[in-house]
Amino acid sequence: MLDLLVRGARPVRAAEENGASSAAAHAAPSPSLVDVHVRDGRIVAVDPASDDAPEAHEVIDARGCLVAPPYVEPHVHLDSVLTAGQPRWNESGTLWEGIACWTERKPMLTRKDVLDRVSEVLRWYVANGVLYVRSHVDVTDPGLVALDALLELRSQVRDVLDLQLVAFPQEGICSFPGGEELLEEAARRGVDAIGAIPHFEDTREDGVRSLEIAVDVAARHGLLVDVHCDEIDDEQSRFSEVLATKAMRTGLRDRVTASHTTAMGSYNSAYSYKLRRILLRSGVNLVCNPLVNLHLQGRFDGYPKRRGLTQVKELLVAGVNVAFGHDDVMDPWYPLGTADPVLVAHVGAHATQLMAPSEVAQCYRMVTDRAARVLGIGEEYGVRPGAPANFILLPAADPTDVVRRLVRPSVVVSRGRILVERDPAVARLRWPGEDPEVVDFVRRRDAVGAGWRRGPAGAGALETR
Ligand code: FE2
């Protein structure tokens with residue numbers, strides 16, 4: 001007896017991940033539909049769809065929905081979520097005023113304040129199909145209030161999602177009194193990764209030194225590294241080369257991530273070429289945060305105004321792993337946000353000019369398997385026998401369709417349990433002189449044979465036995 005059986009789902013195929021049209025694939029009854037068998041929180045089989053599947057306590061009729069691994073959030077600041085406007089709004093919209101607002105908000109932090117806000121947003125993440133989250137947490141607070149609250153929450157949510165915590169020295173390691181000691185203390189208390197913010201340090205030398213300290217702390221404690229690196233529109237900010245070189249020479253390599261790297265949007269072509277070579281050789285990951293950096297960067301420019309994003313397309317072509325993150329949810333740096341990775345991928349496609357079919361599919365990968373590589377999830381990530389039963393159902397044709405129509409998961413399964421069921425959002429159109437019709441923005445020629453569009457209950461209908 002299975003705990004859960006998902007009948008008739010369509011795995012995301014490698015060709016679709018890379019943007020090949022799948023219209024033909026679902027125009028015909030697909031022979032590739034699978035049943036996903038779940039027992040004791042794990043996937044025990046992914047077999048061709050069959051009427052003779054084993055009995056299960058719960059059954060989901062996927063009707064040809066995509067079955068996909070959950071989304072992965074590679075970069076968010078949970079400690080500051082839902083604090084926008086407290087104690088004042090960031091009127092200039094700059095990163096710098098955001099930091100100033102946060103510095104004023106920090107003394108008001110309490111354990112309950114952090115737990116309440118973060119618990120709320122983690123529910124948004126799960127509702128959007130995100131089951132792996134990497135959060136930075138500001139450790140330039142002598143009380144480490146937010147860090148302790150998030151460490152507590154990491155344990156509390158373990159049965160639902162995986163939460164990684166990065167000790168993030170928002171106000172610097174060398175430029176903040178006791179910054180180095182606070183980073184070391186955060187490592188002792190049990191963070192997963194060590195951060196830095198070299199472009200914010202007072203001098204270039206402090207910036208380099210801060211990277212040496214962060215990498216050293218991480219290496220001694222066996223932790224990952226994730227640095228806010230070159231998040232500034234200054235073409236002279238060149239800490240990514242320092243971080244990548246340290247990743248190479250210490251052997252930490254893909255355990256290191258350079259986040260934001262927005263200065264790369266201002267580098268000249270000759271230096272960019274050299275840097276991409278270093279980044280590739282080092283094996284580091286990069287995380288671009290298109291929602292937030294489109295808004296924060298370019299604020300000191302007249303026209304022409306820079307986009308202020310890292311070189312995502314060029315890095316992907318060079319073979320560097322890049323992921324997309326949300327970064328902020330309703331905080332001093334970004335007043336909007338619903339913790340939705342599909343919106344991040346959608347905006348990221350526009351912001352980084354990734355619009356060829358293969359490129360839109362890459363945007364999906366940057367919130368799924370590419371982000372999973374940033375977190376180092378490894379073989380546990382994927383819809384395959386032996387893996388934890390963490391997956392989502394998407395009523396969509398393929399990853400490109402998910403990004404285009406902003407398709408949200410109809411079902412989210414975590415550790416073998418159904419955590420989310422979403423009603424299909426449709427518009428009922430009464431065009432004059434015609435019969436009423438449902439508009440779900442699926443192109444008519446793609447719709448033939450799309451089983452997930454049929455049936456009164458919608459895709460991902462749940463039957464409980
Ligand atoms: Fe960030």
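# A first look at this predicted chain

Val284 has 28 C-beta neighbours inside 10 Å, so this residue counts as buried. Welcome to a predicted model, in which Val284 sits in the loop between helix H9 and strand E12 (285-288).

**The chain as a whole**

- The C-alpha trace spans about 65 × 50 × 45 Å along its principal axes.
- Of the 465 residues in the chain, 52% are buried.
- Take the contacts between residues at least 6 apart in sequence: 77% of them join residues at least 24 apart.

**The surroundings of Val284**

- Leaving out residues up to four places away in sequence, Val284 touches Leu243, Ala244, Ala247, Asp254, Val256, Thr257, Ala258 and Leu279.
- Leu150 is 134 residues from Val284 in sequence, and the C-alpha atoms of the two are 26 Å apart in space.

**Helices H7 and H8**

- Helix H7 (residues 204-221) and helix H8 (residues 240-250) pack at an angle of about 30°, and their axes are 10 Å apart.
- Their crossing is right-handed.
- On the H7 side the meeting residues are Val208, Leu211, Val215 and Ala219, while H8 brings Val242, Leu243, Lys246 and Thr250. By type, the residues of this contact divide into 6 nonpolar, 1 polar and 1 charged.
- Just after H8 comes Gly251, with a positive phi of about 80°.
- H7 also lies across strand E9 (193-194) and strand E10 (224-229), and runs at about 160° to E10.

**The parallel sheet**

- Eight strands form an open sheet in the order E6-E7-E8-E9-E10-E11-E12-E13, and their pairing is parallel. At the edges are strand E6 (71-76) and strand E13 (321-324), each of which pairs on one side only.
- E6 and strand E7 (residues 130-138) run parallel and are joined by 4 bridges. Tyr71 has Val130 of E7 as its bridge partner, and Glu73 has Val133 of E7.
- On to the next pair: 7 bridges join E7 to strand E8 (residues 162-168), again with the two running parallel. Here Ser135 stands opposite Leu165 in E8.
- How many of the residues of E7 are buried? The count is 9 of its 9 residues, and E7 is described as mostly covered.

**Strand E14 and its partners**

- Strand E14 (residues 391-394) pairs in the antiparallel sense with strand E5 (residues 66-68) over 3 bridges. Val67 has Leu393 of E14 as its bridge partner.
- E14 also pairs in the antiparallel sense with strand E15 (residues 411-414), over 3 bridges. There the bridge partner of Leu393 is Val411.
- In a regular strand, the side chains alternate between the two faces of the sheet. E14 can be read this way: Phe391 and Leu393 point one way, Ile392 and Leu394 point the other way, and all are buried.

**Val126 in helix H4**

- Val126 is found in helix H4 (residues 111-127).
- Is Val126 buried or exposed? With 20 C-beta neighbours inside 10 Å, Val126 counts as buried, because 20 or more is what the cut-off asks for.
- Setting aside neighbours within four places in sequence, Val126 is in contact with Leu131, Val160, Leu161, Val412, Leu419 and Val420. One of these, Leu131, falls within E7 (residues 130-138), and Val412 falls within E15 (residues 411-414).
- Asp340 is 214 residues from Val126 along the chain, and their C-alpha atoms are separated by 9.5 Å.

Notes:
Residues are numbered from 1 along each chain as its sequence is written. This is a predicted model: local features need pLDDT of at least 70, side-chain atom pairs count only at pLDDT 80 or more; totals for chains, interfaces and linings use all residues. A residue is buried if 20 or more other C-beta atoms lie within 10 Å of its own, exposed if 12 or fewer, and partly exposed in between; C-beta atoms are placed from the backbone. Two residues are in contact if their C-beta atoms, placed from the backbone, lie within 7 Å. Two strands pair if DSSP finds at least two bridges between them. Axes are lines fitted to C-alpha atoms, for helices over the stretch in contact, and angles run from 0 to 180 degrees between N-to-C directions. A crossing is left-handed if the near helix is turned anticlockwise from the far one by less than a right angle, and right-handed if clockwise. Ala, Val, Leu, Ile, Met, Phe, Trp, Tyr, Cys and Pro count as nonpolar, Asp, Glu, Lys and Arg as charged, and the others, Gly among them, as polar.
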